[in-house]
Amino acid sequence: MEMKIKKKNYVSAIFCLLCFVMCIVSGAFAATVNAEGTASLTLNCVKDGEAISGMEWQIYHVAEDLSGDKPKLTRAFEKYRREISIGDGSLSAMSQLASTLKGYTLKGKIKPTQTAVSDSEGKVRFTSLEQGYYLVSAQKFTKDHVAWESEPLMVILTEEDYQMDAFPKMNYITLDASEVEFTVKKIWENDENQPKARATYITAEIYKDDEFDHLIRLDESNDWTYSWTGDPASEWFVVEQEIPKDYTVVYRKQGVEYVIVNTYEPGGASSWWEGEKETTTHETGDQGEWTETTTTGASGEITSDLETTTNEKPLNSEQINTSTTNATGESGSSTSATTTTTTTTTKTPGSGSGSGSSNSGGSSSSSRYSSGSGSSSSSRNSSSGSGSQSGSNNASKIEKLPQTGQLWWPVVPLTVGGILLISIGLKLKEKDHNA
Amino acid sequence: MNTVRIAKFGLIATGIVLLGAALSLVRYNIQEDQQSGEQAQALLIEVKKEIPDETQPTEEKKYDLFSEYEKETIPEEPVLEIDGQSYIGVVAIPEIGIELPVLSEWSYPNLKSAPCRYQGTAYERNLILIAHNYRTHFGRISELYSGSEIIFTDAAGKVYQYEVNNIENIVGTDIESMEFGSVDGWDLTLFTCTVSGQSRVTVRAVLKPEEEP
């Protein structure tokens with residue numbers, strides 16, 4: 001009996017030990033999994049300090065494998081690779097990319113990777129995400145006669161323990177009209193010297209609340225513009241049915257205005273994520289923290305029929321604050337592999353962050369100023385160019401400023417000469433008399 | 001005796017011819033001055049009729065998505081077409097009592113009727129105007145002084161108010177000096193020939209502070 005008890009104790013002790021080891025191992029495993037790339041994103045749906053709850057958000061995995069220079073588009077988006085113009089990686093380009101990709105999710109009926117709804121604090125949590133490029137978009141929703149919406153945005157999750165906090169810009173529209181007029185305009189770019197390239201017409205699909213609504217035709221006869229009336233509480237989007245050959249597309253939306261921009265790019269879209277274009281890199285600060293402005297300054301501006309209110313502090317509301325946790329400490333002492341990823345991190349939103357935060361203060365005025373000074377400096381260049389020409393070139397010595405004088409100078413010599421001659425003549429006469 | 005007489009007669013006759021030539025040149029110049037002045041005034045009436053009274057507040061236009069793609073058309077300079085001639089606006093200098101239309105392109109025939117644009121535009125702040133030195137045109141700009149007012153109204157009715165900040169003579173061959181300095185030295189330049197025709201009286205002016213964009 002005693003033996004039995006002893007044996008039992010022994011067995012239970014071993015079992016306990018096993019459990020303990022298992023716990024440690026599983027704990028270690030969990031930690032490893034965590035360290036190997038489970039990233040998360042938290043969106044904060046806040047407007048003027050008020051949390052917006054009940055808003056549905058979708059996240060789409062757009063590109064993966066950030067280990068090399070060329071992130072790879074995920075399967076859902078891969079077939080549109082040649083059509084999607086990614087631009088230069090700038091802030092506004094990222095914003096346009098998000099909007100364009102949103103169009104493709106409708107057109108290609110692409111299912112979101114995850115869906116989440118904002119909680120009572122306005123927080124939307126996406127967890128267990130892989131590294132990669134993500135499109136995040138919100139479903140327009142109505143609450144107490146107010147329609148809430150937010151522009152689609154791009155998010156890049158790169159570091160292993162990366163946790164991102166984003167503050168998307170929230171816009172609301174007071175629904176005081178049951179119907180509103182929307183307009184879409186087709187823009188052709190970069191094909192001025194390609195008369196044959198441009199299609200004579202295009203067809204586009206209008207989506208209402210993510211469902212196909214109707215088809216439209218845009219051509220010269222309607223000035224590539226189409227208007228329709230519809231419910232302002234619904235989410236409308238216009239997508240080009242077939243992208244013209246050798247063109248890329250950008251979809252943009254603002255208030256009740258939509259544009260489809262087709263840019264002539266024979267050979268397909270060249271983009272920074274395919275390594276074909278240089279990106280401006282921006283080093284993060286010591287804290288490894290950076291901010292990204294997700295929307296262009298113009299966004300959220302209004303339309304005649306809708307009353308949209310933008311944030312009092314558009315800067316803050318547009319900012320996406322991202323913070324790295326472990327990366328901060330590691331960035332200094334990391335291995336070469338980590339360093340590469342860090343650069344990738346900074347390459348994309350970081351590049352926007354630097355310029356974004358520095359520009360955002362006086363973006364419009366400063367850019368206007370610089371463009372002004374740019375043009376005038378070019379005029380100076382041209383003048384100095386002509387100046388050096390006149391200095392070196394003999395022929396230009398003949399060049400003169402236009403002659404704008406009347407012929408006044410001969411009057412004096414003529415008068416003086418005349419008087420002189422007459423007086424000499426008269427003197428001669430006197431001499432003659434004297435003689 | 002005979003030869004002296006002939007010489008005497010010859011001298012006096014030549015002298016009279018020279019004086020006559022001088023007189024007729026003066027008469028011709030004065031007539032040309034007046035005619036050009038009258039011609040310019042007639043054109044001025046036509047041009048002013050066509051220029052809208054005030055600038056419409058179109059610049060206050062709300063930003064929208066579509067306008068972002070219409071950039072190319074915005075910087076186009078307003079030009080008035082009257083009787084086959086293009087005018088960019090009207091220049092007025094109250095100090096010397098002139099108000100004249102400004103032709104878009106300069107040429108010697110054009111200069112006979114009105115001041116012309118040598119180069120540049122008002123909105124780029126590098127406009128250079130050229131005119132004859134008729135007293136009815138730019139003949140008296142050398143009388144201006146620092147602070148004198150110059151008003152240019154473009155073909156769309158936008159008024160640019162300048163004040164003179166420098167007057168200099170530039171040698172007729174020195175094109176570089178004429179064009180230099182538009183970046184921060186001046187916003188408007190007027191020039192015309194000096195009486196000798198060797199140099200150009202050059203008046204530089206800057207936009208009045210409230211006019212600066």
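**View 1. Strands β14 and β17 of chain A are joined by six bridges and run antiparallel.** Strand β14 covers residues 180-189, and β17 covers residues 225-230; strands are DSSP runs (E, at least two residues) and helices are DSSP runs (H or I, at least four), numbered from the N terminus. Two strands pair if DSSP finds at least two bridges between them. Within this pair, Val184(A) stands opposite Tyr226(A). Of the six residues of β17(A), zero are buried, so the strand lies largely in the open; a buried residue has 20 or more other C-beta atoms within 10 Å of its own, with C-beta atoms placed from the backbone. The model is predicted: local features need pLDDT of at least 70 and side-chain atom pairs pLDDT 80 or more, whereas totals for chains, interfaces and linings use all residues. Residues are numbered from 1 along each chain as its sequence is written, and chains are lettered from A and ligands numbered from 1 in the order written.

**View 2. The largest nonpolar core holds 43 residues.** Such a core is a set of buried Ala, Val, Leu, Ile, Met, Phe, Trp, Tyr and Cys residues joined through C-beta atoms within 7 Å. Val62(A) and Tyr134(A) are among the residues with the most contacts inside it. Helix α3(A), residues 91-107, gives the most to this core, with six residues.

**View 3. Chain B meets chain A through 47 residues of chain B and 44 of chain A.** Contact requires C-beta atoms, placed from the backbone, within 7 Å. On the side of chain B that touches chain A, α1(B) supplies the largest share, 16 residues.

Definitions and conventions: A residue is buried if 20 or more other C-beta atoms lie within 10 Å of its own, exposed if 12 or fewer, and partly exposed in between; C-beta atoms are placed from the backbone. Two residues are in contact if their C-beta atoms, placed from the backbone, lie within 7 Å.
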